[in-house]
Amino acid sequence: MHFFGRSAGAEGETFGEIVFNTSMVGYQEIVSDPSYAGQIVTLTYPQIGNYGINEKDMQGDPLHLAGLVVHDMCYTPSNWQSVESFPNFLAQNGVVAIEDVDTRALTIAIREGGAMRAAISTTDLDPESLVARVKASPAIADHNYVADVSTKESYVVPGQDSDGQPRLHVVAYDCGEKKGIGKRLSAVGCEKRSILQNLVRSGCELTVVPWDTPAEKVLEMNPDGVFFSNGPGDPVSVPPVVDAVRACLGKLPVFGICLGNQVISMAAGAQIEKLPYGHHGGNEPVMNLLTGKVEITAQNHNYGPVFSSFGPLVPELSDGVTEHPADEDLRFWSRRHVAPVVMTEKYGRVRLTHVNLNDGTPEGIQFLDIPAFSMQYHPEAKPGPNDSTYAFSAFAKLMRGEDDYLAIDVREGRRF
């Protein structure tokens with residue numbers, strides 16, 4: 001399959017895995033998210049760039065996505081915060097982009113065929129030649145993109161007290177969160193800026209470390225907790241991170257987001273699957289099984305854990321159910337408003353806390369016998385709604401030893 005269009009960014013060509021994002025706004029946050037490294041992003045909303053680019057919405061620097069596909073690019077933005085147009089921004093940052101594409105047809109092709117290899121080129125305009133080169137290009141799982149986007153050296157993000165509570169020291173593994181915060185938001189790493197901001201607002205001081213930092217160094221810092229960030233690519237490509245999780249689980253409170261959720265799940269013995277076309281957007285409905293509330297969430301991932309692979313169900317904590325439902329997805333539990341519990345071989349009981357209501361995939365887990373939890377989506381809401389920002393205060397509550405730290409009413413910002 002091929003589409004012709006017009007260049008809307010840098011000249012040249014790019015190869016990567018093509019995915020689609022359903023967000024209606026937030027194109028700047030999307031293209032500056034290091035989790036898109038190695039991917040060509042199709043934006044399903046038709047007109048892109050109408051409010052331009054501004055400095056405060058940047059989530060990472062430099063840009064790491066492989067390319068961008070849009071239907072209609074705006075070259076004359078109108079917004080009081082805009083400092084330049086989106087296509088100029090893409091061109092200056094070397095991002096190859098294409099417009100005037102039927103993104104509905106392309107999205108349907110991705111939904112039916114799954115995430116696949118693709119290319120955008122302003123130099124090779126022969127469809128047969130370009131398709132043949134795409135077929136010969138490496139798959140996204142063949143490369144460790146986390147190593148490309150992670151900080152190369154440790155740095156500190158100063159914290160602040162929260163609600164009169166003492167400051168908490170958190171070591172954050174940078175697997176591709178986005179750029180850190182500090183002097184003009186110019187720390188050396190690629191942390192997702194909004195994630196670090198939310199941790200700081202929750203009363204944390206952060207020591208951000210590279211993705212392959214040995215856990216022994218982290219434990220020597222004697223932190224109050226350890227955070228494993230989101231990041232690009234296949235989690236199988238980052239075994240050092242999984243080893244670090246294993247070394248930290250049971251010794252310190254642990255929190256993970258997106259890739260962090262995947263590596264925590266792998267450390268607990270779970271299998272990881274590649275979703276047909278992943279979750280990319282700011283409008284994914286997720287039920288918090290602990291509260292029964294539905295959160296509209298921001299997501300960006302192609303991989304996720306298989307809940308049944310953690311271990312057998314604990315019937316007395318799973319509404320009497322003795323076997324994982326074979327013919328139903330995890331919406332089986334959301335319909336019952338039950339948070340099922342399984343027994344892992346090494347870390348005891350693990351509870352399913354969040355379920356995606358679109359496809360019934362797992363979106364969050366909580367360890368019941370050690371202090372740890374993780375979420376598959378992006379609770380910092382960049383871009384997207386802020387229904388799930390309670391996750392950061394939940395981590396602070398966990399580090400302070402509070403019970404029921406995840407049972408927070410998202411509507412009122414208070415615990416049940």
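What covers the buried residues of helix 8? I opened the predicted model with that in mind.

**Entry 1: the whole chain**

I began with the overall count. The chain has eleven helices and 21 strands. I then looked up its dimensions. The C-alpha trace spans about 60 × 50 × 40 Å along its principal axes. For 416 residues, a compact globule would have a radius of gyration near 22 Å, and the chain has 21 Å, so the two agree.

Next came burial. I find 59% of the 416 residues counted as buried. The accessible surface comes to about 16600 Å². Carbon and sulfur atoms hold 48% of that surface.

I also checked how the contacts run along the sequence. I took contacts between residues at least 6 apart, and 72% of them join residues at least 24 apart.

I have 33 positive and 52 negative side chains. The centres of the two sets lie 4 Å apart.

**Entry 2: the cores**

I looked for the largest nonpolar core, and it has 47 residues. Those with the most contacts inside it are Tyr173, Phe228, Leu249, Phe310, Trp333 and Phe367. Several elements each supply at least two residues of this core, among them strand 10 (168-174), helix 7 (215-220), strand 12 (225-228) and helix 8 (239-248). The list also includes helix 9 (259-267), helix 10 (331-336), strand 17 (348-356) and strand 18 (362-367). Which element gives the largest share of this core? Helix 8 does, with six residues.

I noted another core, lying apart from the largest one. This core has 30 residues, including Val157, Val170, Ile257 and Met375.

Then I went back to Trp333. What does Trp333 touch, not counting residues up to four places away in sequence? I wrote down Leu289, Leu313, Ser318, Val321, Pro325, Val338, Pro340 and Leu352.

**Entry 3: helix 8 and its cover**

Back to my opening question. The buried residues I list in helix 8 are Val241, Val242, Ala244, Val245, Ala247 and Cys248. Their spacing made me recall the helix rule. An α-helix has 3.6 residues a turn, so residues three or four places apart point the same way. The cover over the buried residues of helix 8 includes strand 10, helix 7, strand 12, strand 13 (254-257) and helix 9. Just after helix 8, Gly250 takes a positive phi of about 90 degrees.

**Entry 4: helix 9**

How many of the nine residues of helix 9 are buried? Nine of the nine are, so helix 9 is largely enclosed by the rest of the structure. Just after helix 9, Gly269 has a positive phi of about 100 degrees.

I picked two residues to look up in detail.

Val146 sits in helix 5 (residues 145-149). Is Val146 buried or exposed? Val146 has a relative accessible area of 1% and is buried, since the cut-off is under 20%. Leaving aside neighbours within four places in sequence, Val146 is in contact with Cys175, Trp211, Pro232, Val238 and Leu259. I also took a distance to Arg111. Val146 and Arg111 are 35 residues apart in sequence and 26 Å apart in space, C-alpha to C-alpha.

Leu368 is in the loop between strand 18 and strand 19 (372-375). With a relative accessible area of 27%, Leu368 is partly exposed. Beyond its neighbours within four places in sequence, Leu368 is in contact with Val341, Arg349 and Arg351. From Leu368 to Lys274 I get 27 Å, C-alpha to C-alpha, and 94 residues in sequence.

I finished with backbone angles. Asn222 is not a glycine, yet has a positive phi of about 50 degrees. Where does Asn222 lie? Asn222 lies in the loop between helix 7 and strand 12. Asn222 is exposed, with a relative accessible area of 63%.

Asp319 is my other case. Its phi is near 60 degrees, a positive value in a residue other than glycine. I place Asp319 in the loop between strand 15 (294-305) and helix 10. Asp319 is partly exposed, with a relative accessible area of 47%.

Note on methods
Residues numbered from 1 in each chain as written. Predicted model: local features only at pLDDT ≥ 70, side-chain atom pairs only at ≥ 80, totals over all residues. Heavy atoms only, no water. Helix = DSSP H or I, 4+ residues; strand = E, 2+ residues; numbered from the N terminus. Rg over C-alpha atoms; globule rule 2.2 N^0.38 Å. Buried < 20%, exposed > 50% of the residue type's maximum accessible area, 1.4 Å probe, protein only. Contact = heavy atoms within 4.5 Å. Areas by Shrake-Rupley, 256 points an atom, 1.4 Å probe, with all protein chains shown as cover. Lys, Arg positive; Asp, Glu negative; His and termini not counted. Charge placed at Lys NZ, Arg CZ, Asp CG, Glu CD. Core = buried A, V, L, I, M, F, W, Y, C linked by side-chain atoms within 4.5 Å.
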